[in-house]
Amino acid sequence: MFEKLQKKWKVNGWQLLAILCTFAIGGSLTGIVGRKILQQLPELHPLGWTLLYIITMTLIWPLMVVLVSIPFGQFPFFKNYLLRIFQKMTNTPSSTPPSSIPPSSIPPSSIPPSSIPPFSLAIFASGTGSNAQKIIEHFRNHPSIRVALVVSNKATAGVLDKAVAAGIPTLLIEKERFFRGDGFVAELTNHGIDFIVLAGFLWKVPPSLIQAYPSRMINIHPALLPKYGGKGMYGNFVHEAVIAAGEKESGITIHYVDEQYDHGGTIFQATCPVFPEDTPEALANRIHELEHQHFPAVIESVILSKLVKNQSS
Ligand code: GRF
């Protein structure tokens, strides 16, 4: 039963526990507060009292669960949950827009998410996975997009722990089959993957995989491409090069993946200053903030615009 709930609500075990606690405590508080309010009322006909009881409880319950959800860190879940109940009751389609969308995107309000089939994405990462974490959080209760798989080439990569903690399946890939075999396309297909996001994935993507996901694979690079990209340009090597060149500005580039390193069409860029006293680590922190701020929303925007195109063609 718990597994079914986890799947239905797309949450991990800890989040499910927090949600169930919120329901239990919120429900008890509703009873206590509701009774206190009703005790203040004058004697009523039993039918009138029952009606008033139902109305009071219906109004107090959402308020109580929302209040209790805050200390449990589940406010976003309950906000969406109550919104969905309200939409079902009033029979209106959901119009919750993605939290922040880059300027180039299609207005999401034009897309009724309830009419879109679920869209599965895989995150490929080789490192700690702070971007992967933000992406997982962003899509946790999304009506039409879900993170269905986290792929890594490194058994000790922190991103795998983050995926496990979030209840997301993982796939560890090995070199020979990735580069000289089928690029693990069969596994991705088995997981129903529609779209691939590279978030700090250090291996070059082989043609077999690029051909299986044409224009459906994007990467984030921690500099303003076309400068400071290409083979060997990753992590602090990028920031060291930017600082050594005396750049006043750096930033992030989100782009489609093609068969060359850091080369496919640019989707989005954002900039930040580079200060004379910057160390590569200080610049890396500033860049990471930019990435966390923009990457999930850009992914959402790209996918939603593809879904709109699919629907209208
Ligand atoms: C990011 O800076 C990204 O731009 C680059 O790899 C880094 C991954 O960082 N491609 P994290 O593992 O997501 O923290």
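Me: Before we start, what pLDDT do side-chain atom pairs need here?
Reply: Residues are numbered from 1 along each chain as its sequence is written, and side-chain values use heavy atoms, with hydrogens and water left out. In this predicted model totals for chains, interfaces and linings use all residues, local features need pLDDT of at least 70, and side-chain atom pairs count only at pLDDT 80 or more.

Me: How many residues of strand 2 are buried?
Reply: Strands here are DSSP runs of E, at least two residues, and helices are runs of H or I, at least four, numbered from the N terminus. Buried means under 20% relative accessible area, exposed over 50%, partly exposed in between (1.4 Å probe, protein chains only). Strand 2 covers residues 145-152 and is mostly covered, the buried count being seven of eight.

Me: Which residue in strand 2 stands opposite Phe119?
Reply: Strands pair if DSSP finds at least two bridges between them. Strand 1 (residues 119-124) runs parallel to strand 2, with six bridges joining them. Opposite Phe119 stands Ile145.

Me: And what is the bridge partner of Val151 in strand 3?
Reply: Strand 3 (residues 170-172) also pairs with strand 2 in the parallel sense, over three bridges. The partner of Val151 there is Leu171.
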